[in-house]
Every structure is written in C-alpha cells, then in structure tokens.
Amino acid sequence: MKIKQISVFLENKSGRLAAVTRLLAGHGINIRALSIADTSDFGILRLIVDDPDRAYTELKGAGFTVSLTEVLGVEMPDRPGGLSNILSILEENGINIEYLYAFIGRGDNGALVIFRVEELDAAINVLQARGIIVLDGEKIYRL
Amino acid sequence: MYWNERYECMPEAELQELQLERLQATVRRAFFDVPFYRRAFQEIGLEPGDIKSLDDLQRLPFTTKQDLRDNYPYGMFAVPMSEIVRIHSSSGTTGKPTVVGYTRHDIDVWSELMARALVCGGATRHDIIQNAYGYGLFTGGLGIHYGSERLGASVIPISGGNTKRQVMIMKDYGSTVLTCTPSYALHIAEVMAEMGIKPEEIKLRCGIFGAEPWSESMRQEIEKRLGISAVDIYGLSEVIGPGVGIECQEKNGLHIFADHFLIEIIDPVTGKQLPPGQRGELVITSLTKEALPVIRYRTRDITSLIPGPCPCGRTHPRVARFTGRTDDMLIIRGVNVFPSQVESVLLEMGGTEPHYLLIVDRQGSLDTLEIKVEVSETLFSDKVRRLEDLEKRLRHELESTLGISVKVTLVEPKSIQRSEGKAVRVIDKRKI
C-alpha cells in the first residue's frame, strides 16, 4: 500500500534536472510522476519511477544526494470534488500532509494523487475504511 | 600639523639613540618579568646585555600569535594584574583568543599615539569625530575614542552599525571626521545617497579608516562619495591597537611611530631582514609597552619599507600600504576569518561533509561571505522545510562563530572542486 519515492537534491543551476533524467534514461528507468520543490538556492526533485530501488542505486552511484521515502498513492474520480473528499477524510483524522502532487494516470478512476504524510499507516487505514482506493506500489510502478 | 613635533620629527640619530635605550629596557624587562621570554632567550644563549646596538635586534627570537595563545590568557604579561587597568582581546577566531593588557601608562601612551595619528590624518581639536569602530573587546573603538579625547576633539561614540542613524547623526550633529573600516565608510556613503543626502549637505571633511586592507581606488571612491580626504590607519591589538602607524597628508605610506615601535621587514620564510623597497612581513618590537612587551612580533602583514624622507617632516619610517597576509586569514569587514573555523562548525553540526568553499566578494562596498556546503545523504530530506532549517542552523552557527553575517548555500556533493594537494577553501573575488 506504500509507494517508494525517490528524492534528489538539486542545486539551482542549469542542467541539473537534465542530468538526472539523462541518467535514468540511460538505465531505461521510466518516470511515472514527478514534482520539484524549489527554494532560491536549491530544489528537491521527487520522483515515482518504475524501478525505485535501481534508480536509487544508480543515482547514488553517480554522486547525487538521494533518499528513498514512502508515500501514499490514492486513486480518485477525475471530477470536481474528487480531491476534496480525500483531503476532508485526512483532515478529520488529524493527518497532516507534508506535500502532495497529482497526475492524471491511467488508473481505473482517472486521477492519481501522491501524498507525503508523516503517519503513513494511519492514513492508509482511514482512507481504506472510507472506501478510498490506496494504490499498491507495484501497481503504480507498472502503470 | 603635528601632535608631538619633538618626537615625530626627531632627528634620525637622536631617534635611534632613543630606540636603542628603550629596546634595551624592553629586552631587560621581558627577560626578567616574562618567563616565556627568559626561556626563549636562554635557549639561544642570549642575555639582555648582549643587545648593544639596534642591529642586535636581529639576534632576538621572534614572537608569534601562537606564543600569545600558548600563554593564554595572561602568561605574557610583564606586570602583576594589580597594574593592569584594561584588557582587550581578539575574537578568538582560530581557537583561543589572544588577550592583551594595558597598564595605566600603556593607556596613556596609546592615547598619545592615537592623538598623533588623528592629527597626522588631518583631525584637530575643533573636530567632531564620529567613531564608528566597534566598541568593546575590539581595540578599534576605544583606541580611537581615547585618542580623540586626548586630542581634545569631540568624539561621538556611536560604534558600528545602524547606518541610517550614522548618516542622520553625521548630518544633524555636524560630524567632521569619520573613523571606521573603509568598507563601512563606503556603505555609509551608499546609504547616504539612498537617503538623498548629498556630500555638500554634511560637514564631514576627513576619514581615518583601517582594520582591513583597502586600495587606492577604494580611497578615491570614498573621498569622492563622501567629499572627504581619507587616510589609512594601522594597528593590531597584540602590539597596542590602532595607532601603530598612519598615513600623513602625503598619502604615500604609513608612518610607524618609531619612538614606540621598532619595525623590520623580513622574508617570512627565512626570517632575514629585507632592505627598503622589498616586500615582506612586518615585524614589530614594542619599545615602551609595560603590560605586554612584544619582541619581534610577527604581524603576518605584508608590506615594504619606503626609502627616503617624507615631505611631511616626520622622521619616522614609512611602510607601503598593506597588500596581504602571510597566512590564509581573511579580513572580511574588518573581522578576521579563518577557513578552519568554518570547518570546525561544520564538523560540530554533523551531517555535512567537511567540503566547503568560502566565496568572498564585494557587493557595492560591503564585503560578502558566501559559504557553500555540500549536503550529505544523512542530512538530506525530501522536505524543503528540513533543508531550510539546516541552512538556517548552519548560518546561525557560522555567524556566531565568525562574528559576521554569512550566506549559506547548500550544494550537491562533489560539486565543490577537489584539488590535489592543498584544498582550495577560499575564492576571494574582491578587487582590493
């Protein structure tokens, strides 16, 4: 029920993102979803890829600062209110969201949202209890 | 204009006689009252009586900053603490600070030297001196202050910082002399321009700037922007503080007050004296200090003796403007900064690779220090907040250790160029 996310530290200078994607491409690793958080000095690239363990090893080997974190992937209806409903459930249960990013996948319901929360297991439980589909990592990697 | 014409313009032969007499007395006191010096002299089989001429100065051993540190805090004092009326100290940037003490007589001499320096630099008793050097353990503030009072000028002990207020006071109080670091003087000029105040609207007419190296072009810039005449002043706490030497109105080298300090320029590697005109390390022997006599103190400042007499009439030797340091110490905004301090902070903080780079630059007129730090894996987080916290913590720690503001930039591992041999820790982009 958990998804492995790769985070990469990037300096704010040209070509750093390209260096990551080139490396992944070179190893035939496919990017499923990504988001970048940036400050004036640096950025953090977050990636969901089809082979997180290998991506981690290759990036680390190439000298990047990388970390593997577990996140939550939630499938939701691609219509107004889809995200709102899920956020309400998390709010009701006092689960804080560190960050999230969404993409229109090829999931059964349409939209997919990646959540980074501190209490991962609690989040999975409350969402599942309310009938929300929390995606299995393997399913996302193989989308 | 002289403060003390008799001594400042003393004929060379008479000056040398006075220097020898004072050197012999200093060596005697050092030998009998400071165990460090006695040991150092005995090691090379030297006795105070062996110093028979000024040339014999070369037979004396050198004293270094490390010696002062090894004898921290009061081990180098030549008088009991009951005779000490003032203590100053360096910021303790590279480890232990160096502590310096003054007897009542030392303070008196220092005030005299600073009064001389102020007059040499163009000030009179009719001036209002805005003293923007820092007051406190740093010798700059109080040194200028006592000299100003001795001179009989009106001193405004504003200390450094709060630039808008500096400008306001300068304008409203009618300050005629400004004393601070040259970079701060330029900053004041900039702020003044931002506030829409023109040089004609203030009464400032001269500036006495020091505590960091600065160039001729910087002088011209300051003079133009503030509408003043600016001179360079030199000093170091180990020797006495500001007032060791200063430029006269000729602005061609700094006179070192030779009735109180004996100077040599040496090759920093061989330790041999160099002839006038050749650049080397300035070495100073105090001739009248009671509390902390220094024998052949290695200043690590690079300069050269200017041959020939000065048209100003002062007979005291001149040294060229300082061009650098013999070690890797950086002087940023008047504060001594060592790369090793950064390293120790990073190590203490943990989590960061001890790979870092100091980038010193000058934006407008103020020195800036950026410290690039490589982020290690243990420290990295996918959360922006955590990394920003790290940056903030590092900045805070570095600022409190270095005593100046810094910009911390987190960079990728291995992004700082590795060099073979001695690591390049500093890029100094300032054009001095």
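Analyst: Happy to. A salt bridge here is a side-chain nitrogen of Lys or Arg within 4 Å of a carboxyl oxygen of Asp or Glu. This is a predicted model, in which local features need pLDDT of at least 70 and side-chain atom pairs count only at pLDDT 80 or more, while totals for chains, interfaces and linings use all residues. Residues are numbered from 1 along each chain as its sequence is written, chains are lettered from A and ligands numbered from 1 in the order in which they are written, and side-chain values use heavy atoms, with hydrogens and water left out.

Let's start inside chain B. Arg298(B) and Glu281(B) pair through their side chains in a salt bridge, 2.8 Å from N to O. Arg298(B) sits in strand E12 (residues 297-303) and Glu281(B) in strand E11 (residues 280-286), so this pair ties together parts that are 17 residues apart in sequence; strands (E, at least two residues) and helices (H or I, at least four) are DSSP runs, numbered from the N terminus. Both partners are buried, meaning under 20% relative accessible area, against over 50% for exposed and in between for partly exposed (1.4 Å probe, protein chains only).

A second pair in chain B is Glu112(B) with Arg116(B), at 2.9 Å from N to O. Helix H5 (residues 104-120) holds both of them, four residues apart, about one turn of the helix. Glu112(B) is buried at 14% relative accessibility, and Arg116(B) is buried at 1%.

Now for the meeting of the chains. Here 20 residues of chain B are in contact (heavy atoms within 4.5 Å) with 26 residues of chain A. The rule finds six salt bridges across this interface. On the chain B side, helix H11 (384-402) and strand E20 (407-411) are the elements that give two or more residues. That side of chain B divides into eight nonpolar, four polar and eight charged residues, where Ala, Val, Leu, Ile, Met, Phe, Trp, Tyr, Cys and Pro count as nonpolar, Asp, Glu, Lys and Arg as charged, and the others, Gly among them, as polar.

One of the bridges between the chains joins Asp382(B) to Arg116(A), with the closest N and O atoms 2.6 Å apart. Asp382(B) is buried at 2% relative accessibility, and Arg116(A) is buried at 9%. Both also belong to a network of salt bridges that links them with Glu98(A), Glu118(A), Lys383(B) and Arg385(B). Over all chains, the structure holds 30 salt bridges. As for the places of Asp382(B) and Arg116(A), the former lies in the loop between strand E19 (366-375) and H11 of chain B and the latter in strand E6 (residues 110-117) of chain A, so the pair joins two chains.
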